[in-house]
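Here is a protein model to explore.

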Amino acid sequence: MFDKYYEFRYILYKKSEGEFPYLREHKLTFVCRYNHRYIVNVQEFEYHVYIIKFHLKDHRHSENKYNLQTDYHDATRVITTCIEIMLYFYRKFPLASFGFIGANSVGESKKNTKRYRIYRRLMENFFSPIHFSHHYYEDGSAYLLLNRANTTENLLEKIRSLFIKFYDVPTDKTF
Amino acid sequence: MYIESNQRFAQRSEDVRLLLTGFKDIYQSSKSLFSSWLTSVFLYLGALPFLLLMVWLRFRLKKIYPAKVFLNTKNYKELRSIYDNFTMWDEFTQRAKRVLTEERTSYILKFYINECIKTLALIFKYREALQEAFLTLDSATPNDRILKKRTETELWENRNLAYEFKI
């Protein structure tokens, strides 16, 4: 498990347009063994933060594209491919920090989702604490791999404010 | 996908443990085979070679174990496994120290145990160096009230040893 992945292809990047907070969105794609195409969106934020998202191409027009399940029973390979994409970005941008949110399935609470629990486990297994420090926000099912090589002052706080702005992460005041 | 048997240190530790416990077995069996007096004679005769062996072992260990440990992706998994394996030495040392404090322990036996403890002290020194290296990872990790940090120990204890780190 988690040792095989699909060959992926970098398609393009597009710069942020107005309402979107990120600097760029990189698009990558791969085809699974059942001939379904997946789209991986890697949103590049300030401070070399990359947020990974993926969905089935067939779901691209759906508002819930990140929440839908495919039922192809191919999650391990698909997720491993996303991990390989993270490594691809890390090799390209050695200061890259990575974040993701384990989206809730339809009808599931946003807190500590099933996807989050799986991704979190994979991060433990594949990303040693040597290059990345691991951070989590369970209520929002968010996970962050903070690059130790990035010496930006108060980086974690800055990334947190990004999360607050663009994801469902509460501000300090709510705690 | 399988658990790698790359723990050379674990094997070395096991060898040393077998060596030390082997001495204990020799002592006990010779006591039952021969008289206590004859066993003492053997022990006195063996003291010098044993001392030399321990001195050699300490010399080797000093060379093997660096005073400061530098972690990287390649050595992290192995060193962490080594660190976990050190727990077996704790029990051994405690037992050895208990025997030392007993009044009926003969002088020659105390000599042997002391030599073993001196050798183990080097291993413990290395463990401290490892511990310091792992703690450095935690101290270098910023914490946040919302994006909480995960400690190195927590990450290690939760992971599946069958997997290799990708980075």
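## The sheet

Eight strands line up in an open sheet with mixed pairing, in the order S1(A)-S2(A)-S3(A)-S4(A)-S5(A)-S7(A)-S6(A)-S1(B). Strands pair if DSSP finds at least two bridges between them; strands (E, at least two residues) and helices (H or I, at least four) are DSSP runs, numbered from the N terminus. At the edges sit S1 of chain A and S1 of chain B, each pairing on one side only.

This is a predicted model, where local features need pLDDT of at least 70 and side-chain atom pairs count only at pLDDT 80 or more, while totals for chains, interfaces and linings use all residues. Residues are numbered from 1 along each chain as its sequence is written, and chains are lettered from A and ligands numbered from 1 in the order in which they are written.

Let's zoom in on two pairings. S3(A) and S4(A) run antiparallel over eight bridges, and A:Glu44 stands opposite A:Tyr50 in S4(A). Strand S6 (residues 132-137) of chain A also pairs with S1(B) in the antiparallel sense, over two bridges; there, A:His135 faces B:Lys149.

H1(A) has 18 residues and spans 26 Å from first C-alpha to last, close to the 26 Å expected at 1.5 Å a residue (that is 1.5 Å times one less than the number of residues). Its buried residues are A:Thr81, A:Cys82, A:Ile83, A:Ile85, A:Met86, A:Phe89 and A:Tyr90. "Buried" means that 20 or more other C-beta atoms lie within 10 Å of a residue's own, with C-beta atoms placed from the backbone.

What is A:Ile85 in contact with, leaving aside its neighbours within four places in sequence? The list is A:Phe8, A:Leu28, A:Val40, A:Val42 and A:Ile52, where contact means C-beta atoms within 7 Å.

## Where the chains meet

The contact takes 28 residues from chain A and 25 from chain B. On the side of chain B that touches chain A, H6(B) gives the most, with three residues.

How values were computed:
Contact = placed C-beta atoms within 7 Å. Buried ≥ 20, exposed ≤ 12 C-beta atoms within 10 Å, placed from the backbone.
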